[in-house]
Amino acid sequence: MILSCNNIEKSFDGNTILSKCSFIANEHEKIAVVGINGAGKSTLLKIIMKELPADSGEVIIAKDASIGYLAQHQDVSSENSIYEELLTVKKEILDMERKMRSLELQMKTLNGEELENTLKTYTNLTHQFELQNGYACKSEITGVLKGLGFTEEEFQKSISTLSGGQKTRVSLGKLLLSKPDIILLDEPTNHLDIGSITWLENYLSNYNGTVIIVAHDRYFLDKVVSKVVEIDKSKVTVFLGNYTDYANKKALLRDEELKHYINQQREIRHQEEVITKLRSFNREKSIKRAESRQKMLDKIEVLDKPAGPDKTMRFCLEPKVLSGNDVLTVEGLSKAFGSKMLFKNLDFQIKRGEKVAIIGNNGTGKTTILKIINHLILPDSGEIFLGSKVNIGYYDQEHHVLDMDKTIFDEISDAYPNLTNTEIRNVLAAFLFTGEDVFKLIGDLSGGERGRVSLAKLMLSNANFIILDEPTNHLDIQSKEILEDALNDYTGTVLYVSHDRYFINRTATRILDLEEQTLTSYLGNYDYYLEKHEQLLERTAPILKNETGSSSASKEDWKSQKEEQARKRKLENDIKRTEEKITETEQKIEELNEMLTKEEVYTVPEKCMEVQKNLETVSEVLSGLYESWEQMLLTANK
């Protein structure tokens, strides 16, 4: 155990946020903290960091354990460049290196005992320098900066000129390089593109310390964590496994609780009927029996009806008019800003009913494509054709479609003047704006609240072609799931930009990858894209030249690495499929065993023998599956 939260209580203005919150974090463990927006996730991290006091309870951290924290919003103020700022983390190592260089110069002029003593100091210092990986210090900084999406040209940018998102990435880089025993991360993926998120996944998965993460990126959580701490209605529950394991277990628990509740209600109704019947006999013995049963009934601890999945929004998209089959045609599209060419000669089409995701690194021009389609900026060249009866609904991540000086109510009322006051209030209530909340100014809302207003306008538009720019930003996991369900049920056409791979996996039927100023189309979801993208890279891998001009060794290393990654991915998929088959087969065995207990089966020898024979066959299949599964696990662990 490296960290323990024991019965943490926290309230704000009489509202209980955390109640008897308890969990432990072990060394090297990777933990996710999940819950809807406002559940208390960030509050919990701040209490652990002693930035907020708990009302009661305690946080225990192992003696001498170091701890680092990345909050959601960073305001790094420094005149350093990005590279210099990260160098400050390695000050001790750099001081050591300067001391070594100084001793080297001194030793040139020394001799005898003085030289011997200086050499001993130098040897000890060099050993310490090696232990702290000093020789790789600068390449480590470069690797972290590139992993977090900074190009070498940006290394010398001044911190004071950076955006909020870039400053957060700098802070994350400094935290990772400091290598504390415990890392607390609050929404670390918010300002990262897909490539950087993938890099961070690998970094944290292999990190030697303990990591506690608040994040809404389910794909990221699936890859990194092995324990989930859920905050739900101020209560904390701990689940072992990644996010998908947690979601499945949570659904099973909810089903089990509902089953217990239904069974108890059925038993209570039965007992009440029996009691009523006994009393109706109006005899001494029957009345006594009724009283006895009533006492037993009164002692039952009545279960509360389990709450269903806590859906935060009620959201439905439906086009008013059916568009033509050809929804969008783009030909020869090019755009540059100054000397920076984003993309050139892009050609693509979108057909009715498709759900198309545009992916790519930050700064490649994904949002620019959407803005050009919406006539918000002009292309340098190229043409855009909308199909017959196409009506666009646009969701802008910066919410420029909203007037910051209007109230929420007026924003909807002015956009849809035919709606009555009651209808407007009903729509806003579906997006969690009730009472006086509807008269808040758009400019005073949080990013998540503005997102909900934009989604409300999108729903009311009845558009048949929806264009979305980072629609899951600021949404909690349950709100994302609601949006996913709405898009999957939507009969119109969707084009969106997103770095949320779980969202893409659930909603996209096609992916357009914007890379090196051009688009590549993949007909499938994100997992399919990953598989095909690897194959494409292998076929088109550039020759990597080393300093001597030789390329064969680098190329072979690259190919070998990619082959190994592909082999591991295939093995992981095979293991997952086998586990699913094992679950299905075990369920079949349970069903067959249950059939053997039924009177209509065990009283008829022919039926009984048939079921028994099926049971033996399925059991043999299960044994084979377990053998294959064990063999695959052995291979995976080699």
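The legends below describe close-up views of a predicted model.

**Figure 1. The whole protein chain.** The chain has 638 residues, and 43% of them count as buried. Its secondary structure consists of 20 helices and 18 strands. Taken along the principal axes, the C-alpha atoms fill a box of roughly 115 × 75 × 65 Å. Among contacts between residues at least 6 apart in sequence, 68% join residues at least 24 apart.

**Figure 2. The largest nonpolar core, with Leu204 as one of its residues.** This core is made up of 51 residues. Leu185, Leu204, Ile213, Phe220 and Leu221 have the most contacts inside it. Helix H3, which covers residues 91-107, gives the most to this core, namely six residues. Another core lies apart from it and has 43 residues, including Ile194, Ala357, Val438 and Leu468. When neighbours within four places in sequence are left aside, Leu204 is in contact with Leu176, Leu185, Val211, Ile213, Phe220 and Val224, and also with Lys30.

**Figure 3. Helix H3 packed against helix H4.** Helix H4 covers residues 112-131, and its axis is 10 Å from the axis of H3. The two helices pack at an angle of about 155°. An angle over 145 degrees counts as roughly antiparallel, and H3 and H4 are therefore roughly antiparallel to each other. The crossing of H3 and H4 is left-handed. On the H3 side, the residues that meet H4 are Ile93, Met96, Glu97, Lys99, Met100, Arg101, Leu103, Glu104 and Met107. On the H4 side, they are Leu115, Thr118, Leu119, Thr121, Tyr122, Leu125, Thr126, Gln128 and Phe129. By type, the residues of this contact divide into ten nonpolar, four polar and four charged.

**Figure 4. Helix H9 beside helix H10.** Helix H9 runs over residues 243-281 and helix H10 over residues 284-299. Their axes come within 8 Å and cross at roughly 155°. That angle makes H9 roughly antiparallel to H10. H9 and H10 cross in a left-handed way. From H9, the contact includes Ile268, Gln271, Glu272, Val274, Ile275, Leu278, Arg279 and Phe281. These meet Ser286, Ile287, Arg289, Ala290, Arg293, Gln294 and Leu297 in H10. The residues of the contact of H9 with H10 divide into eight nonpolar, three polar and four charged.

**Figure 5. Glu187, a residue with a positive phi.** Glu187 is not a glycine, yet it has a positive phi of about 55°. Its place is in the loop between strand E6 (182-186) and helix H7 (194-205). Glu187 has a relative accessibility of 8%. The limit for a buried residue is under 20%, so Glu187 counts as buried.

**Figure 6. Lys233, a residue with a positive phi in a loop between strands.** The phi of Lys233 is positive, at about 55°, although this residue is not a glycine. The loop that holds Lys233 lies between strand E8 (227-232) and strand E9 (235-240). The relative accessibility of Lys233 is 56%, so this residue counts as exposed.

**Figure 7. Gly209 and the residues it touches.** Gly209 is placed in the loop between H7 and strand E7 (210-214). With a relative accessibility of 11%, Gly209 counts as buried. Not counting residues up to four places away in sequence, Gly209 touches His28, Glu29, Lys30 and Asp181. Gly209 and Asn26 are 183 residues apart along the chain, but 9.4 Å separates their C-alpha atoms.

**Figure 8. Thr364 in a loop between a strand and a helix.** Thr364 is found between strand E12 (355-359) and helix H11 (366-373). Its relative accessible area is 18%, so Thr364 is buried. Leaving out residues up to four places away in sequence, Thr364 touches Leu342, Phe343 and Leu514. The C-alpha atoms of Thr364 and Leu342 are separated by 5.6 Å, and these two residues are 22 residues apart along the chain.

Notes: Residues numbered from 1 in each chain as written. Predicted model: local features only at pLDDT ≥ 70, side-chain atom pairs only at ≥ 80, totals over all residues. Heavy atoms only, no water. Core = buried A, V, L, I, M, F, W, Y, C linked by side-chain atoms within 4.5 Å. Buried < 20%, exposed > 50% of the residue type's maximum accessible area, 1.4 Å probe, protein only. Helix = DSSP H or I, 4+ residues; strand = E, 2+ residues; numbered from the N terminus. Contact = heavy atoms within 4.5 Å. Axes fitted to C-alpha atoms, helices over the stretch in contact; angles between N-to-C directions. Parallel < 35°, antiparallel > 145°, perpendicular 65-115°, else oblique. Left-handed = near helix turned anticlockwise from the far one by under 90°. Nonpolar A, V, L, I, M, F, W, Y, C, P; charged D, E, K, R; others polar.
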